[in-house]
Amino acid sequence: MILLTVTQKIGMGLMGFGVLFLLFGMILFFDKALLDIRNVLFVAGLAFVIGLGRTFRIFFQMHKMKAMGFFFGAVFVVLIGCPVIGMIFEIYGFFLLFSGLFPVVVDFIRKEPPVLGSLLNLPGIRSFVDKVGENFESVHQSGVMAQESRIHA
């Protein structure tokens, strides 16, 4: 079992409320106000869970500038009143930002929770998740290598 500090518990609560606001915002036909609150809760929750310094390092890495632009640009698009387009861009930016963490999350889920771990270890699901994880790693690695080649050129 993982022990969380009080700050991390607050962050998990904020992120949980962010998921609820996302669900309610989508159920209510992409309600702009609920999606705006969800964006604030997600970023604040992330900062509480992993710390402010790590949050800045995740968002402001040179090889993740495109992802950060899509994510925060999408937040702005939702703020100005186009929630459907903003959510599409936000999903893409989220995928680009956190694609390197997908294999780590899958490994954690396979080991820790008993029901989800055994579900992910079933033969068909295991091979599918492994292939998706490889794709996530290759996307993440290609972004890092492209950034390194720009730096060294």
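The model is a predicted one, so local features need pLDDT of at least 70 and side-chain atom pairs count only at pLDDT 80 or more, while totals for chains, interfaces and linings use all residues. Numbering starts from 1 along each chain as its sequence is written, and side-chain values use heavy atoms, with hydrogens and water left out.

In terms of secondary structure, the chain has 8 helices and 0 strands (DSSP runs numbered from the N terminus, helices being H or I of at least four residues and strands E of at least two). Read along the sequence, that gives α-α-α-α-α-α-α-α. Of the 153 residues in the chain, 29% are buried (under 20% relative accessible area, with exposed over 50% and partly exposed in between, using a 1.4 Å probe and protein chains only). Taking contacts (heavy atoms within 4.5 Å) between residues at least 6 apart in sequence, 57% join residues at least 24 apart.

Helix H1 (residues 6–27) packs on helix H2 (residues 32–50) at about 160°, their axes 7 Å apart. Axes here are lines fitted to C-alpha atoms, for helices over the stretch in contact, and angles run from 0 to 180 degrees between N-to-C directions. That angle makes H1 roughly antiparallel to H2 (over 145 degrees; under 35 is roughly parallel, 65 to 115 roughly perpendicular and the rest oblique). The crossing of H1 past H2 is left-handed, meaning that the near helix is turned anticlockwise from the far one by less than a right angle. Residues of this H1–H2 contact split into 17 nonpolar, 6 polar and 1 charged (Ala, Val, Leu, Ile, Met, Phe, Trp, Tyr, Cys and Pro are nonpolar, Asp, Glu, Lys and Arg charged, and the others, Gly among them, polar).

H2 also pairs with helix H4 (residues 65–80): the two axes come within 9 Å and cross at roughly 150°, which makes H2 roughly antiparallel to H4. H2 passes H4 in a left-handed crossing too. On the H2 side, Lys32, Leu35, Asp36, Asn39, Phe42 and Val43 meet Phe71, Val75, Val78 and Leu79 of H4. The tally for this contact is 7 nonpolar, 1 polar and 2 charged residues.

Then there is helix H5 (residues 83–98). Its buried residues are Pro83, Gly86, Met87, Glu90, Gly93, Leu96, Leu97 and Phe98, and what covers them includes H1, H2, helix H3 (52–59), H4 and helix H6 (102–111).
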